[in-house]
Amino acid sequence: MTYDLAEKLVNGDRLALAKAITLVENRAHGHEDILEECFRNRKPAVRIGLTGAPGSGKSTLVNAMIKLLRAEGKTIGVVAVDPTSPFTGGALLGDRVRITTSESDEGVFIRSMASRGAVGGIAEATDDVAVLFEASGKEYVLIETVGVGQAEVDVAASADTTVLVLTPEAGDSVQTLKAGLMEVADVFAINKSDRPGAERMALDIRSMLEMRASEKGWTPPIICMSAIRGEKVDELIDEIAKHREHLASCTSAADRERTYLVVKLKRAVERMLKNDLWRGPDGSALEKIADDIADGTTTPYAAARQILDRYRARSGQGE
Ligand SMILES: Nc1nc2c(ncn2[C@@H]2O[C@H](COP(=O)(O)OP(=O)(O)O)[C@@H](O)[C@H]2O)c(=O)[nH]1
Ligand SMILES: [Mg+2]
């Protein structure tokens, strides 16, 4: 059954692609077989990550990029991670733009994913969806994530180029930017430049970039643009292409692919290990151990070591 699904997907069946994404997102039975089959049939796409605060205009920008890339005849897969609050379960912001394309356009496939819905982590989920897109023949994969934490840094690890989307609005001052986010940006997009303050912000970012040594021989360009008006989106796409050329000039595609595969491999091992660990008797023993920690019989550290020892013994690797 899963083999059929993978085969259909590879042959361009959109329904099969949609089903496969759902399986992967839920880590449902059979998803690993599909991923394996798709991995064998994939052709690496141009992977672009877009990250930034909710409301900065990432989805609007994705729409604008789709338009330009489609005009060039490129095929595109989009996976957008929707910010969901762990407390309300709802969206963080009401005023969000949907990424859309004309119903009849077979060249684009768009999928939204709730951030708390992705079993096993956002980065791995988006990354595996990228594999499905690649197997279905998409030449570009756009990944929209909310720039709030480690997940974005992880997503950036598997994108060729990461675009950080900022806005000139108050509160978005460069000083308050999370350090980790500055580091992942290969290209800075100052969106909503139809509003005042964009040039000022570009200057701030430029001086901040000058203070840190430009590693990797690449100085991230800063583009003042407007996604809603479609202004300078072409320039952004050009800069993304230049970043790719830069990558190609310092590492071979094979080396980069290898680095990406190592990241993928590690994630897969860690997830499988975690599943394996908590599926065993240790998962159900958790409540008992919690009691022991609570009443002072043991500590979280000693208990963790104990759980690991037991796990190793169970899998026949006891020391
Ligand atoms: N003024 C202005 N508003 C924009 C621009 N791009 C997006 N917006 C608006 O910003 C809001 C949030 O956009 P959205 O794409 O959903 O942001 P996301 O949360 O980062 O995906 C929407 O109301 C958009 O219409 C722009 O270039 N200029
Ligand atoms: Mg969005």
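## Exercises on a pocket, a metal site and a helix

About 880 Å³ of space lies in the largest pocket. This is a predicted model, where local features need pLDDT of at least 70, side-chain atom pairs count only at pLDDT 80 or more, and totals for chains, interfaces and linings use all residues. Residues are numbered from 1 along each chain as its sequence is written, chains are lettered from A and ligands numbered from 1 in the order in which they are written, and side-chain values use heavy atoms, with hydrogens and water left out.

**Exercise 1. Describe the lining of the largest pocket.**

Step 1: Settle the term. On a 1 Å grid over the protein atoms alone, a pocket is an open set of points where a 1.4 Å probe fits, with protein on both sides within 12 Å along at least five of seven lines; lining residues have an atom within 4 Å of a point. The volume is the space filled by probe spheres set on the points, which are joined across faces, edges and corners.

Step 2: Find the residues. The lining holds 40 residues, and Ser59, Arg96, Val97, Arg98 and Ile99 lie nearest the centre of the pocket.

Step 3: Find the elements. Two or more lining residues come from each of α4, β2 (76-82), β3 (108-114) and β4. With five residues, β3 gives the most. Helices (H or I, at least four residues) and strands (E, at least two) are DSSP runs, numbered from the N terminus.

Step 4: Sort by type. The lining divides into 13 nonpolar, 12 polar and 15 charged residues. Here Ala, Val, Leu, Ile, Met, Phe, Trp, Tyr, Cys and Pro count as nonpolar, Asp, Glu, Lys and Arg as charged, and the others, Gly among them, as polar.

**Exercise 2. Which residues coordinate the magnesium ion (ligand 2)?**

Step 1: Look for donors, meaning N, O and S atoms within 2.8 Å of the metal (3.2 Å for Na, K and Ca); water is not among the atoms, so sites may look incomplete.

Step 2: Ser59 (OG) and Glu144 (OE) coordinate the ion, at 2.1 to 2.2 Å. Ser59 belongs to helix α4 (residues 58-71) and Glu144 to strand β4 (residues 140-146), so the pair ties together parts that are 85 residues apart in sequence.

Step 3: Check the surroundings. Both Ser59 and Glu144 are buried; buried means under 20% relative accessible area, exposed over 50%, partly exposed in between (1.4 Å probe, protein chains only).

**Exercise 3. Why is α4 described as largely enclosed by the rest of the structure?**

Step 1: Check the length. At 1.5 Å a residue, the 14 residues of α4 should span 20 Å, and its end C-alpha atoms are 20 Å apart, which agrees. The expected span is 1.5 Å times one less than the number of residues.

Step 2: Look at burial. In α4, 10 of the 14 residues are buried, so the helix is largely enclosed. Among them are Lys58, Ser59, Thr60 and Leu69.

Step 3: Name the partners. The buried residues of α4 pack against β1 (46-52), β2, β3, β4, β5 (161-166) and α9 (233-250).

**Exercise 4. Is Cys38 buried or exposed?**

Step 1: Cys38 counts as buried because its relative accessibility is 0%.

Step 2: List its contacts (heavy atoms within 4.5 Å). Leaving aside neighbours within four places in sequence, Cys38 touches Ala6, Leu9, Val131, Leu132 and Ala135. Val131 is 93 residues from Cys38 in sequence and 6.7 Å from it in space, C-alpha to C-alpha.
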